[in-house]
Amino acid sequence: MMTHDLSPKCWGCNYNVLDIKDKGMKVSLCGWHSGIKSGDFLLLKQGDGTTRYLVDSIRYCGEPDDMWFAEASFAPRDN
């Protein structure tokens with residue numbers, strides 16, 4: 001299980017939120033970044049900070065090879 005910080009939104013590390021469900025508890029995303037797997041965490045930009053989501057499923061497109069579509073669930077961090 002890895003954590004991928006996508007919050008900087010730079011070349012080769014970017015995402016778009018396609019849908020927000022259950023008041024933000026679940027999101028559908030598309031993005032560009034290699035190495036993300038189901039069970040990994042994503043840090044997404046929210047205001048001045050980040051919010052953590054758990055990747056429930058991910059599908060890589062193949063062209064380009066780092067483009068993906070994913071479903072993710074809110075995953076609060078342990079303090």
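Here is a tour from the whole chain down to single residues.

**Before you click**

This is a predicted model, where local features need pLDDT of at least 70, side-chain atom pairs count only at pLDDT 80 or more, and totals for chains, interfaces and linings use all residues. Residues are numbered from 1 along each chain as its sequence is written, and side-chain values use heavy atoms, with hydrogens and water left out.

**Stop 1: the whole chain**

Start with the cartoon. You'll find zero helices and six strands, and read from the N terminus the elements go β-β-β-β-β-β. (Helices, H or I with at least four residues, and strands, E with at least two, are DSSP runs numbered from the N terminus.)

Zoom out for the dimensions. Along the principal axes, the C-alpha atoms fill a box of roughly 35 × 25 × 25 Å. The radius of gyration is 12 Å, which agrees with the value near 12 Å for a compact globule of 79 residues; the radius is taken over C-alpha atoms, and the globule rule is 2.2 Å times the number of residues to the power 0.38.

Color by accessibility next. Buried residues account for 35% of the 79 residues. (Buried is under 20% relative accessible area, exposed is over 50%, and partly exposed is in between, with a 1.4 Å probe and protein chains only.) As for contacts (heavy atoms within 4.5 Å), take those between residues at least 6 apart in sequence: 46% of them join residues at least 24 apart.

**Stop 2: the sheet**

In what order do the six strands sit in the sheet? Walk across and you get S1-S4-S5-S6-S3-S2, an open sheet with mixed pairing. Two strands count as paired if DSSP finds at least two bridges between them.

Select 3-5 and 14-21 to see the edges: these are S1 and S2, each with a single partner strand, so one side of each is left without a neighbour in the sheet. From one strand to the next, the twist averages 35 degrees; the axes behind that angle are lines fitted to C-alpha atoms, and angles run from 0 to 180 degrees between N-to-C directions.

Now go through some of the pairs:

- Pick residues 26-32, strand S3, which pairs with S2 in the antiparallel sense over seven bridges. Ile 20 stands opposite Val 27 here.
- Pick residues 41-46, strand S4, which runs parallel to S1 and is joined to S1 by three bridges. Look for His 4 opposite Leu 42.

At the turn between S4 and S5, click Gly 47. The hairpin has two residues between its strands, and Gly 47 takes a positive phi near 60 degrees.

**Stop 3**

Most residues other than glycine have a negative phi, and most peptide bonds are trans. That makes the next selections worth a look.

Select Lys 9, in the loop between S1 and S2. Its phi is near 50 degrees, a positive value in a residue other than glycine, and Lys 9 is partly exposed at 41% relative accessibility.

Move on to Lys 23, in the loop between S2 and S3. Phi is positive here too, near 55 degrees, and Lys 23 is exposed, with a relative accessible area of 87%.

Then jump to Pro 64, in the loop between S5 (49-60) and S6 (67-74). The peptide bond from Glu 63 to Pro 64 is cis, with omega near 0 degrees.

**Stop 4: charges**

Stay in the loop between S5 and S6 and select Asp 66. Is Asp 66 buried or exposed? Asp 66 is buried and has no salt bridge, with the nearest side chain of opposite charge, Arg 59, 13 Å away. (Lys and Arg count as positive, Asp and Glu as negative; His and the chain ends are not counted.) Show the surroundings: leaving out residues up to four places away in sequence, Asp 66 touches Gly 12, Gly 31, Trp 32, His 33, Ser 34 and Tyr 60.

How many salt bridges does the count come to? One, where a salt bridge is a side-chain nitrogen of Lys or Arg within 4 Å of a carboxyl oxygen of Asp or Glu. Select Glu 71 and Lys 21 to see the pair, at 3.1 Å from N to O. Glu 71 is in S6 and Lys 21 in S2, 50 residues apart, so the pair links distant parts of the chain. Glu 71 is partly exposed at 32% relative accessible area, and Lys 21 is partly exposed at 29%.
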